[in-house]
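Have the viewer open while you read.

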Amino acid sequence: MHLGFVEAQLLCIALLALDFLARAWRIKWILQGLGHRISTWDGVVLNAFGEGACAVTPMRLGGEPARLAGILRCGVPAPAAFVAISFEVLASWPVVIVGAGWLAWRYSGDWWAMAGPSLVRAAARAWPWLVVVAVVSLLAWLLARRLTHPAVRQIQRPVKRARVYWRRMPAWPLVASVPMSLIDLVTRVAILPVLAMTLPDPPPMGPLWFGSFALLYSQLVLPTPSGAGAVDLGFLGGAAGNLGGDEHLILLLWRVYTNGVGVVLGLALAVRYYGWGIVRKIFRRTEQAIAFSDQHR
């Protein structure tokens with residue numbers, strides 16, 4: 001199946017919209033099960049906060065604190081907000097693990113046959129860049145550990161008061177959240193195959209779905225924000241298959257849809273609801289924390 005360029009962009013936008021809606025319903029239902037109601041729009045807003053923070057922090061560590069702040073903005077008590085995020089993880093990660101296992105079982109061999117030789121050649125050519133990426137990743141990981149210590153201390157007290165919410169939680173929100181987590185997984189992973197369908201001769205779709213999953217979820221363990229450097233080298237090195245002369249354009253569009261939209265939307269909504277002054281203070285505190293970390297390293 002071949003898609004025109006405009007058709008593919010419209011389809012990617014629709015996939016992102018469906019993803020945001022599914023995740024909004026998921027957190028809305030979980031909070032409803034805990035006795036707190038928020039609107040679907042509030043769910044979109046708090047997930048946008050988290051998406052933007054994920055994209056600009058190492059190993060996506062800023063996502064959950066940002067989403068926690070979004071839930072607190074809706075008037076939900078801190079213990080309930082923390083439990084809601086915990087239940088959301090319980091509903092989403094089994095879906096991710098099962099999806100990863102199925103894709104690996106079905107397509108990992110074909111993916112390696114398609115991408116392995118080019119990845120090996122690319123690694124041999126770009127080994128100095130790989131060393132730079134490794135060093136930067138290590139420094140980012142060390143910095144992330146320093147910056148997350150205060151956040152961990154801040155949530156310790158709400159965690160101690162959260163047991164009552166765990167006992168209150170009915171089963172239906174978790175059951176209803178599983179298909180929403182599946183929609184989240186499928187819509188995100190589908191963006192790269194959709195973009196590749198604009199090519200005259202796209203790579204095989206099955207291995208491409210596996211490569212798209214690997215490129216997306218490797219960002220959870222790569223210390224640089226959004227896996228910057230390592231993911232891009234892997235993409236251009238052949239992890240997405242042979243994309244011909246359009247690989248740079250597809251990489252740019254893929255980054256826009258999977259990272260850029262979240263950053264822009266999260267920042268825009270943060271400015272709308274908190275004001276530019278508060279957002280500037282947050283950036284300023286982050287810069288001060290980084291400077292303090294560098295001085296005491």
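## Around Phe 235

Which residues does Phe 235 touch, not counting those up to four places away in sequence? In this predicted model, the list runs Leu 192, Leu 215, Ala 240, Leu 243, Glu 247, Ile 250, Leu 251 and Trp 254.

## The cores

Phe 235 belongs to the largest nonpolar core, which has 37 residues. Phe 235 is also among those with the most contacts inside that core, along with Ile 191, Leu 192, Leu 195, Leu 215 and Trp 254. Two or more residues come from each of α1 (5-33), α4 (78-125), α7, α8, α9 (230-239) and α10 (247-274). The top contributor is α7, which gives eight residues.

There's also a second, separate core, this one of 16 residues, including Ile 27, Leu 31, Leu 68 and Ala 80.

## How α7 meets α8

Now for the helix pair. The axes of α7 (residues 172-196) and α8 (residues 205-217) come within 9 Å and cross at roughly 120 degrees. Because of that angle, α7 counts as oblique to α8. The crossing of α7 with α8 is right-handed.

On the α7 side, the contact is made by Leu 185, Val 186, Arg 188, Val 189, Ala 190, Leu 192, Pro 193 and Ala 196. From α8 come Met 205, Leu 208, Trp 209, Ser 212, Phe 213, Leu 215, Leu 216 and Tyr 217. Sort the residues of this contact by type and you get 14 nonpolar, one polar and one charged.

Terms used:
Residues are numbered from 1 along each chain as its sequence is written. This is a predicted model: local features need pLDDT of at least 70, side-chain atom pairs count only at pLDDT 80 or more; totals for chains, interfaces and linings use all residues. Side-chain values use heavy atoms; hydrogens and water are left out. Axes are lines fitted to C-alpha atoms, for helices over the stretch in contact, and angles run from 0 to 180 degrees between N-to-C directions. Helices (H or I, at least four residues) and strands (E, at least two) are DSSP runs, numbered from the N terminus. Angles under 35 degrees count as roughly parallel, over 145 as roughly antiparallel, 65 to 115 as roughly perpendicular and the rest as oblique. A crossing is left-handed if the near helix is turned anticlockwise from the far one by less than a right angle, and right-handed if clockwise. Contact means heavy atoms within 4.5 Å. Ala, Val, Leu, Ile, Met, Phe, Trp, Tyr, Cys and Pro count as nonpolar, Asp, Glu, Lys and Arg as charged, and the others, Gly among them, as polar. A nonpolar core is a set of buried Ala, Val, Leu, Ile, Met, Phe, Trp, Tyr and Cys residues joined through side-chain atoms within 4.5 Å. Buried means under 20% relative accessible area, exposed over 50%, partly exposed in between (1.4 Å probe, protein chains only).
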